[in-house]
Amino acid sequence: MASSGMTNAVRTAILLVALVIFLGNIMMWIIMPTDTYYNIWVPHLMAATNSTFFGIQGPIMMDFTFPILLIAVLGCFYLHLGKKENAVTKSSKARSLKFMRRPMIVKGFGIVTVTEMALFSMFIALCAWYFGGYLRHWFEQVHQRSLSKHEKVWQTKLDRVGIVTGVTGNLCLTFLFYPVTRGSSILPMLGLTSEGSIKYHIWLGHLAMALFTIHGSIYFIYWIITHRLSEALKWGDNYVSNIAGEISLLFGLGLWITSHPKIRRRMFDLFLYTHYLYIFFMIFFILHIGIGFACIMLPGFYLFLMDRYLRFLQSRNRARLVSARLLSCNTIELSFAKTRGLSYNPTSTIFINVPSISKLQWHPFTIISNSNLEPQKLSVLIKCEGNWTRSLYDLLSSPSPLHRLGVAVEGPYGPASTHFLRHNMLVMISGGSGITPFISIIRELIFLNSTLKCKTPKIILISAFKNSSNLSVLDLILPTYSSRTTASNSCNLDLQIEAYVTREKGRYKDQIAKLRTLWFKPDACDMPISPTLGPNSWLCLAAIISSSFAIYLMLLGFFTQYIVYPIDQNTNMLYSYTKKGSSSMMFLCFSVVVAASTAFLWNKKRNAEEAKQVQDIDDSGTSGSISNSSFDQDDVEMESLPLKSMIKSVNVHYGQRPNLKRILLEIKESSVGALVSGPKKMREEVAAICSSGQADNLEFESFSFTW
């Protein structure tokens, strides 16, 4: 207990230090567009950091780059210490500040919490302050500038509005990459996941591209009315490069347009491939504004680049795919071998690539297995709804036997902790494929109840399906035979399932479909899925961040001292912006590659040793073996399901939808977790019920699902 208390104290101290550093970083953003910053702070900073090694880039990195990277390193230590806590400690957090998690339905944003809206409002206020501050600062110089450029005052003001709009867009770009950095230490330190933070990336992306588009449009108007349209074709080598900015904007517009929800849904492949244009967008953006100013938004992109390279290294290995189970509802369960050292929390996701279908497409799927109950297996559920998943189903259901399927994976990625034990009851509401995260949660509760002897909450699972064939998915709720023997006699989980089939009045015997299980024969080069950075992955990531940034500083210092300074003399006006920006980008990539590759190869040897100890998966099963679903009749009680002692009842309702409002408001337990995963309409309905004030015992939580 004393050790646990000390660990919690250290984690709290780390969190407070990170918060202070972050608030200091935000204060820099607030003070930056003021006269105080330019007239007092900048001269002192330049005098104190007047270095021939880093030039003007030094103070910018000290103010904006270093603090965020330090927070990322602190986050790694915070999460590493959190891994030492047991499941009960992780899950029994007090329900403090519940009102801050209360859901709201905001048009254009969907379901958001009070906290999210408050933070987003503060960010918009920061952008407005940033825009207004810079506009006031540069308007003070507008008369002098208009005389020097021989133009009217209003034309000079238009020029200043254009540049301020672009600078504000850079503020949005600074935060754009944090939500999509899957292996980030910053997101889980805040209790967030990359999957759940995608909406922030979307908001920031829309805002950034709107500002950049206005920025570019204003300058084209300005050049036309001042008869300087030739400026659009200038590559300023010692100042802002206009043509580089225009190229960057074109790539950004390609990203932005294809990200429209209708285009993304109807032409997902187009959306996916055009999103790779971010590489060219960022290259030309840095060449446009110069590496010195780019250091303001560097930390988010730096961490994203590091994460992207680590994912690339992991994806070079072929995963050991053991079996594929074809369910009657056009659904596939893929099972991979994994090492015992790989652990993950419920609702985690993994990205899968099948080169024989597409070498570029990676698709996320929710993991349904439990790393504690099934220490050597990782399973995902895949619903055949798109072109890629249909191709996979056709490949596996082919009459000709398939002995091996080459698959690459990235991940798993998921929450750093769980908190389901803090509730007296969990009401899990799913629509269609939204059941997948709940399978992983139920399996985790089975482990906590049967192995750790924890008191688990009552569970009501409400699942809505279009057709009765989808009921076969419920067979996957309980663990496979490998873990049933340890849980069957000791688990007291109180689980009730209410299944709703909305488009059928009943189930007929001729609708019962056989299931096929395909057992593969993996090659010797197919490796069990293992932690990319080893068992102490967070400490390893902290070492990568620190060492890579140190390498980058050494390369940059050498380059500035012996190549840039003899020409530029710290004026930032004589040496080529293009050469300086290109060199800095190369140094950045080189430092990330060296540090990440070293750590990856070191842990690859350790993972290989553990992989040898993984027992061979029994491949004696025959391709096409048949297994019947438990739901082959209309009985209310599910008698054939193993471990039925933990399941109170399974009720199947045909031709109706669940009355969610009645069900939720009738629950009288003091603390009820209302977990929902499904279509947007269902999630908004549950959010509206929980935020209506009619039941204070309900706490809403929405899960993104991928299958």
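A search of the whole structure finds 19 salt bridges. A salt bridge here is a side-chain nitrogen of Lys or Arg within 4 Å of a carboxyl oxygen of Asp or Glu. The model is predicted: local features need pLDDT of at least 70, side-chain atom pairs count only at pLDDT 80 or more, and totals for chains, interfaces and linings use all residues. Residues are numbered from 1 along each chain as its sequence is written, and side-chain values use heavy atoms, with hydrogens and water left out.

**The chain overall**

- The protein chain has 22 helices and 16 strands. These are DSSP runs, numbered from the N terminus: helices are H or I with at least four residues, strands are E with at least two.
- Of the 707 residues in the protein chain, 54% are buried. Buried means under 20% relative accessible area, exposed means over 50%, and partly exposed lies in between (1.4 Å probe, protein chains only).
- The accessible surface of the protein chain comes to about 31,800 Å², and 62% of that surface belongs to carbon and sulfur atoms. Accessible areas come from the Shrake-Rupley method with a 1.4 Å probe; for residues, only the protein chains shown count as cover.
- Take the contacts between residues at least 6 apart in sequence: 80% of them join residues at least 24 apart. A contact means heavy atoms within 4.5 Å.

**Salt bridges**

- Glu-151 and Arg-228 meet through their side chains in a salt bridge (3.0 Å, N to O). Glu-151 sits in the loop between helices H6 (142–149) and H7 (153–176), and Arg-228 in the loop between helices H9 (198–225) and H10 (242–258), so the pair ties together parts 77 residues apart in sequence.
- Glu-151 is buried, because its relative accessible area is 11%.
- Lys-458 pairs with Glu-669 in a salt bridge, with the closest N and O atoms 3.6 Å apart. Lys-458 lies in strand E10 and Glu-669 in the loop between helix H21 (660–665) and strand E15 (672–677), so this pair ties together parts 211 residues apart in sequence.
- Lys-458 is partly exposed at 38% relative accessibility. Glu-669 is partly exposed too, at 23%.
- Lys-234 forms a salt bridge with Glu-231; their closest N and O atoms are 3.3 Å apart. Lys-234 counts as partly exposed at 44%, and Glu-231 counts as partly exposed at 24%.
- A network of salt bridges links Arg-182, Asp-307, Arg-308, Arg-311 and Glu-410.

**Surface patches**

- Patches are made of residues with over 30% relative accessible area and no salt bridge; like charges are joined within 9 Å, and nonpolar side chains (Val, Leu, Ile, Met, Phe, Trp, Tyr) within 5 Å.
- Lys and Arg count as positive and Asp and Glu as negative, while His and the chain ends are not counted. Each charge is placed at NZ of Lys, CZ of Arg, CG of Asp or CD of Glu.
- Lys-262, Arg-265, Arg-266 and Lys-680 form a positive patch. Helix H11 (residues 261–266) gives the most to this patch, with three residues.
- Lys-680 lies in helix H22 (residues 680–690). Lys-680 is exposed, with a relative accessible area of 53%.
- Leu-16, Leu-19, Phe-22 and Leu-23 make a nonpolar patch of about 370 Å². Leu-16 belongs to helix H1 (residues 2–31) and is exposed at 51% relative accessible area.

**A buried cysteine**

- Cys-454 is found in the loop between helix H17 (436–450) and strand E10 (458–465). Cys-454 is buried, with a relative accessible area of 10%.
- Cys-454 and Leu-421 are 33 residues apart in sequence, and their C-alpha atoms are 8.6 Å apart in space.
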